[in-house]
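Hi everyone, thanks for coming.

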Amino acid sequence: MNAAFKALADPTRRDIVQLLRDGPRTSGEIAEHFPTAWPTISRHLGQLRDAGLILSERRGQQIVYELNTTVFDDLVEHILDWV
């Protein structure tokens, strides 16, 4: 749970999560939405994946990312327990 909150602390990673709400996207499709270099976006994707917030699947030459909604359900439940 701590890794998920830490990953979501960064505004770029939150923006990536927002993009993925509309459905799976390739790393290139995600990167084109940001002015930063592709390796930086790749590191952000890695942190989100390591935190379990997104899933990745290799499709030929491309990697496709999508939200892991199960983890988001757990996060919401955890937050609701606080209030």
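**Side chains and surface patches**

Let's start with Glu57, which counts as partly exposed at 40% relative accessibility. By that I mean between the two cut-offs, buried being under 20% relative accessible area and exposed over 50%, with a 1.4 Å probe and protein chains only. Before I go on, a caution: this is a predicted model, so local features need pLDDT of at least 70, side-chain atom pairs count only at pLDDT 80 or more, and totals for chains, interfaces and linings use all residues. Residues are numbered from 1 along each chain as its sequence is written, and side-chain values use heavy atoms, with hydrogens and water left out.

Okay, so who does Glu57 meet? Its side chain forms a salt bridge with Arg59, 3.5 Å from N to O. The rule there is a side-chain nitrogen of Lys or Arg within 4 Å of a carboxyl oxygen of Asp or Glu. Arg59 is partly exposed too, at 45%.

How many salt bridges does this rule give? Two. The other pairs Asp22 with Arg25, at 4.0 Å, N to O. Here Asp22 is exposed, with a relative accessible area of 66%, while Arg25 counts as buried at 19%.

Now, the aromatics. Searching the whole structure turns up one aromatic pair. That's Phe5 and Trp82, and they're stacked: 5.7 Å centre to centre, with 20 degrees between the planes. For the cut-offs, rings of Phe, Tyr and Trp (its six-membered ring) pair if their centres lie within 6.5 Å, and planes under 30 degrees apart count as stacked, over 60 as edge-to-face and the rest as tilted. What I like is that the pair links distant parts of the chain, with Phe5 in helix H1 (residues 2-8) and Trp82 in helix H5, 77 residues apart. Helices here are DSSP runs of H or I, at least four residues, numbered from the N terminus. Phe5 is partly exposed at 28%, and Trp82 is exposed at 58%.

Trp82 also turns up in a nonpolar surface patch, with Val76, Ile79, Leu80 and Val83, about 570 Å² of accessible area together. Patch residues have over 30% relative accessible area and no salt bridge; nonpolar side chains are joined within 5 Å, like charges within 9 Å. Val83 sits in the segment after H5 and is exposed at 82%.

Last one: Asp73, Asp74, Glu77 and Asp81 form a negative surface patch. Asp81 lies in helix H5, residues 69-82, and is exposed at 61%.

Key
Accessible areas come from the Shrake-Rupley method with a 1.4 Å probe; for residues, only the protein chains shown count as cover. Lys and Arg count as positive and Asp and Glu as negative; His and the chain ends are not counted. The place of a charge is taken as NZ of Lys, CZ of Arg, CG of Asp or CD of Glu. Helices (H or I, at least four residues) and strands (E, at least two) are DSSP runs, numbered from the N terminus.
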